[in-house]
Amino acid sequence: MPLVGRRHELTVLDAALDAAFSGRGATVVELVGEPGIGKTTLLGHAVATARRRGALVLEARCSEFERDVPFGLFAEALDPYLDGDGAADLTALDAEHRRHLATILPAAARTVEAAPAAAGRERHRLHRAVEALLARIAARRGLVLACDDIHWADPASVALLASLVRRRAVPRMLLAVAYRPHQTGSAVGDEFRHAAGEGLSERVALAPLADGEAEQLLPAALPEATRRRIRTESGGNPFHLRQLARAAAPSATAAPGA
């Protein structure tokens, strides 16, 4: 989906990347809004910008069908990297960290025996192990951990995200998350509301597009009356606007008598 408008949002994301890569500690940005409002598009902008600047990007997207997989978000983000170019980052960690990582990351489990199941104090040690791994990855070139649709995240991943947000102990990392605020479980919503209130994260709430911005997503061939109807019915939601425009386009471009 093309990126239209969103000047303020882009400014926030670019400033967050600057802050993260300057080494002033982890930076957290949360993109919130209704389905179709453009969260994923903005997250994609952050990812593309980071890659152009030479940073490493790790991505994960949560699914409602995988909420029963503990730490699934982190396995999706980290495993492909650790199975490839990141193998050295894993082996460079101390043995205790690697044993804890082996409980949640298949790539780590292939190299070391897993520690006991994470519970109580062990869970705390697991969080510190993930933190140590992310810090090592970020140290060389900067890191963006981009997590989409975290309203579907499993509880263990939510708790680990919350720990990363609270501690902000990974220099040169931007944690960028996107979610639907009215669809999150209390754990996700509460943690990020607290983080924003304490100044630990930048919360970007996406509003509908203004009429002038919405116009840029409409085909020029559509009659003005159709354009006005689509702008009204879509409510400025980019996804809904494009879907309505696509449905209206055949009748607008059909030959007379067709």
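Which side chain meets that of glutamate 59 in a salt bridge? The points below answer this and describe other pairs.

1. This is a predicted model, in which local features need pLDDT of at least 70 and side-chain atom pairs count only at pLDDT 80 or more, while totals for chains, interfaces and linings use all residues. Residues are numbered from 1 along each chain as its sequence is written, and side-chain values use heavy atoms, with hydrogens and water left out.

2. Side chains of opposite charge can pair when their charged atoms come close. A salt bridge here is a side-chain nitrogen of Lys or Arg within 4 Å of a carboxyl oxygen of Asp or Glu; the count by this rule is 19.

3. The partner of glutamate 59 is arginine 51, at 3.1 Å from N to O. Buried means under 20% relative accessible area, exposed over 50%, and partly exposed in between (1.4 Å probe, protein chains only). Glutamate 59 is partly exposed because its relative accessible area is 41%; arginine 51, at 46%, is also partly exposed.

4. Arginine 6 and glutamate 9 form a salt bridge with their closest N and O atoms 3.8 Å apart, and both residues are buried.

5. Helix α11 covers residues 224-234 and includes arginine 227; helices (H or I, at least four residues) are DSSP runs, numbered from the N terminus. Arginine 228 and glutamate 224 both lie in helix α11, 4 residues apart, about one turn of the helix. Their salt bridge has its closest N and O atoms 3.7 Å apart.

6. A network of salt bridges links Asp211, Glu215, Glu224, Arg227, Arg228 and Arg231. Arginine 227 counts as buried because its relative accessibility is 9%.

Key
Helices (H or I, at least four residues) and strands (E, at least two) are DSSP runs, numbered from the N terminus.
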